[in-house]
Amino acid sequence: MAAPSWRGAGLFQAVLRVWQVGPHTARERVIPFPLLLGCQRRCVSCVVGSAFSGPRLASASRIHGQGSALAHFLGFPQPDSSVTPCAPAVSMHRDEQDLLLVHHPDMPENPRVLRAVLLGAPNAGKSTLSNQLLGRKVFPVSKKVHTTRCQALGVITEKEAQVILLDTPGIISPVKQKRHHLELSLLEDPWKSMESADLVVVLVDVSDKWTRNQLNPQLLRCLTKFSQVPSILVMNKVDCLKQKSVLLELTAALTEGVVNGKKLKMRQAFHSHPGTHCPSPAVKDPNTQSVESPQRIGWPHFQEIFMLSALSQEDVQTLKKYLLAQAQPGPWEYHSEVLTNQTPEEICANIIREKLLEYLPQEVPYNVQQKTVVWEEGPSGELVIQQKLLVPKESYMRLLIGPKGHRISQIAQEASRDLMNIFLCDVDIRLSVKLLN
C-alpha cells in the first residue's frame, strides 16, 4: 500500500495504527497569582434570587508539537512542556476597551503579524477553535447553527508574533439567506474577511457523515475567488471517529489528492471501508480541472493538513504554534493586551444568547430580543448587568422562565460564570422576561 508523498509521509501509517489523540475536554489557562486571590464566582438571577460563589483555580496549559502539524501525529520528538502565556482579560468598561483598541501597539524590535480567517460550514466548530486558540472564551458556542451572526476578531500575541483571528459566520448560500430571512452579515462577512487575509483556515467537521465528504460549495467559490491567499485544512472532531482510517479517504477527497503541490498516493485506502460513502477522487494535476466544474468537491491548494479536536488543548497548541510561525515581518495592528475587538456589551449579549440557544428548543431562541438596561460597577467592584429578554409569545415566556424559574436562573448563572472568566471580576446578571407589545 503506497504512502502519501508530501511532508510528513508517514501519515497513512500513523492513521492506521492505534490513534493516540483522544478526546480532551479540559480547557486550561493560567491566571496571574494576585488575580487568583480575589477571583470568586457570584452569579445572581433576579427571577429566583439564586447565587453561589467559590474560588476559581487554573492550571498551566502544556505546549506540544513542532512547527509541522503532521510531525505531531507521526510521533517526532517534541520540545519540553512549558507554561502557556496567560491570555489578557477584557475590560468590563467600554471606554477602557475602546482606548486599548486605538492604543499604539507595544511592538518588539522585529514584529511579525498574520491575519488568519476561519472558514467553514455552520457548526463546524470555528468559534470553539477560536476560543481555544485565544486561551479565553470570547466567542459564543452552541450546537445550534448560526450562533456566530457576524465577523468577530480575536488577537493572539506571543513574543514578537501577533496572529489576528477572524471568526466568521458559517458560510451559507444566498438562497438559504433569503429563505430563512437571515441577516445579511451571515452571507457577506466570510467573503469580506478574505479581502485582508494572509491565511485561510478551512474547518471541516469530520464527525458529520452528511457533509464531511466534500467542501461546502459556497466555501469552494470563496477559495476560488481568493485563490492567491494561502490555505490550510483543519479536520475537526477527529475524537468522534471510531475508524480513524476514514481520515485518509476524507483527506484525499477534500484535497483532490494534492497537498502543498504534491500528489498523494493513497488510492488503495478506498477499498478498506466501503460503507463510508466517501468518493475516491482520481489524483489529478490541480490545474487540469476547471474551477467551475460541478464535480469539484475538494481544494487541491491546501499547504498543510491538521487533524484535531478543538477541545484538545494539546491538539490546538500544535495549530497555534503553526499560525505563530507563519506570521510575516510587519507592524502589529493591536496592543499586546488586546484579546478581541468586541465591546464588553457585545460579549455579554453573545454569551447570554449562547445560553438561550442551548436551553431553548427549535426556533424559540432565534425569536428572543435582548435589551441591556443596566451595566454598572457595583460597590464591591463587581459588574452588575440587568437585561430584558423580549419574546413575541406567552408560550415562549413560559419556556424561557421554566418550572419555578429554574431555566432562567440557570441561564443567568452559566452566563455569569463565562463572563467572570472573560472580565476577571465578579459578575451579577439579572434577567427579566417580558412580552413584546
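A salt bridge here is a side-chain nitrogen of Lys or Arg within 4 Å of a carboxyl oxygen of Asp or Glu. The legends below use that term for a predicted model.

**Figure 1. The Glu-354 to Lys-355 salt bridge.** The side chains of Glu-354 and Lys-355 pair at 2.8 Å, N to O. Both Glu-354 and Lys-355 are buried. The two belong to a network of salt bridges that also takes in Lys-137 and Asp-418. Across the whole structure, a search finds 11 salt bridges.

**Figure 2. Lys-137 and Asp-418, two further members of the network.** Their side chains form a salt bridge of 3.0 Å, N to O. Lys-137 sits in the loop between helix H5 (126-134) and strand E2 (152-158), while Asp-418 sits in helix H13, so the bridge ties together parts 281 residues apart in sequence. Is Lys-137 buried or exposed? Its relative accessibility is 17%, so Lys-137 counts as buried; the cut-off for buried is under 20%. Asp-418 has a relative accessibility of 15% and is buried by that limit. Side chains of opposite charge can pair when their charged atoms come close.

**Figure 3. The salt bridge between Glu-333 and Arg-115.** The N to O distance is 2.8 Å. Which parts of the chain does this pair link? Glu-333 is in the loop between strand E9 (328-329) and helix H11 (344-359). Arg-115 is in strand E1 (residues 112-120). Glu-333 is partly exposed, at 36% relative accessibility. Arg-115, in contrast, is buried, with a relative accessible area of 14%.

**Figure 4. The largest nonpolar core.** This core has 59 residues. Leu-323 and Leu-419 have the most contacts inside it. Helix H13 (residues 406-423) supplies the largest share of the core, 8 residues. What does Leu-419 touch beyond its sequence neighbours up to four places away? Its partners are Ile-347, Cys-348, Ile-351, Ile-385, Leu-424, Val-427 and Ile-429. A second, separate core has 36 residues. Among them are Met-194, Val-200, Val-206 and Met-235.

**Figure 5. Packing of helix H12 on helix H13.** Helix H12 spans residues 394-401. The axes of H12 and H13 lie 5 Å apart, at an angle of about 60 degrees. The two helices are therefore oblique to each other. An angle of 65 degrees would be where roughly perpendicular begins. From H12, the contact uses Leu-399, Leu-400 and Ile-401. From H13, it uses His-406, Arg-407, Ile-408 and Ile-411. By class, the contact has 5 nonpolar, 1 polar and 1 charged residues.

**Figure 6. Glu-382 and Cys-425.** Glu-382 lies in the loop between strand E10 (369-377) and strand E11 (383-391). With 8% relative accessibility, Glu-382 counts as buried. How far is its C-alpha atom from that of Cys-425? The separation is 6.1 Å, although the residues are 43 apart along the chain.

**Figure 7. Two loop residues with positive phi.** Most residues other than glycine have a negative phi. Asn-260 has a positive phi, near 55 degrees. This residue is in the loop between strand E6 (258-259) and strand E7 (262-263). Asn-260 is partly exposed, with a relative accessible area of 41%. Gln-362 also has a positive phi, near 45 degrees. The loop between H11 and E10 holds Gln-362. Is Gln-362 buried or exposed? Its relative accessibility is 63%, so Gln-362 counts as exposed; exposed begins over 50%.

**Figure 8. The whole chain, for orientation.** The protein chain contains 13 helices and 12 strands. Of its 437 residues, 54% are buried. Counting contacts with a separation of 6 or more, 74% join residues 24 or more positions apart.

Note on methods
Residues are numbered from 1 along each chain as its sequence is written. This is a predicted model: local features need pLDDT of at least 70, side-chain atom pairs count only at pLDDT 80 or more; totals for chains, interfaces and linings use all residues. Side-chain values use heavy atoms; hydrogens and water are left out. A nonpolar core is a set of buried Ala, Val, Leu, Ile, Met, Phe, Trp, Tyr and Cys residues joined through side-chain atoms within 4.5 Å. Buried means under 20% relative accessible area, exposed over 50%, partly exposed in between (1.4 Å probe, protein chains only). Helices (H or I, at least four residues) and strands (E, at least two) are DSSP runs, numbered from the N terminus. Contact means heavy atoms within 4.5 Å. Axes are lines fitted to C-alpha atoms, for helices over the stretch in contact, and angles run from 0 to 180 degrees between N-to-C directions. Angles under 35 degrees count as roughly parallel, over 145 as roughly antiparallel, 65 to 115 as roughly perpendicular and the rest as oblique. Ala, Val, Leu, Ile, Met, Phe, Trp, Tyr, Cys and Pro count as nonpolar, Asp, Glu, Lys and Arg as charged, and the others, Gly among them, as polar.
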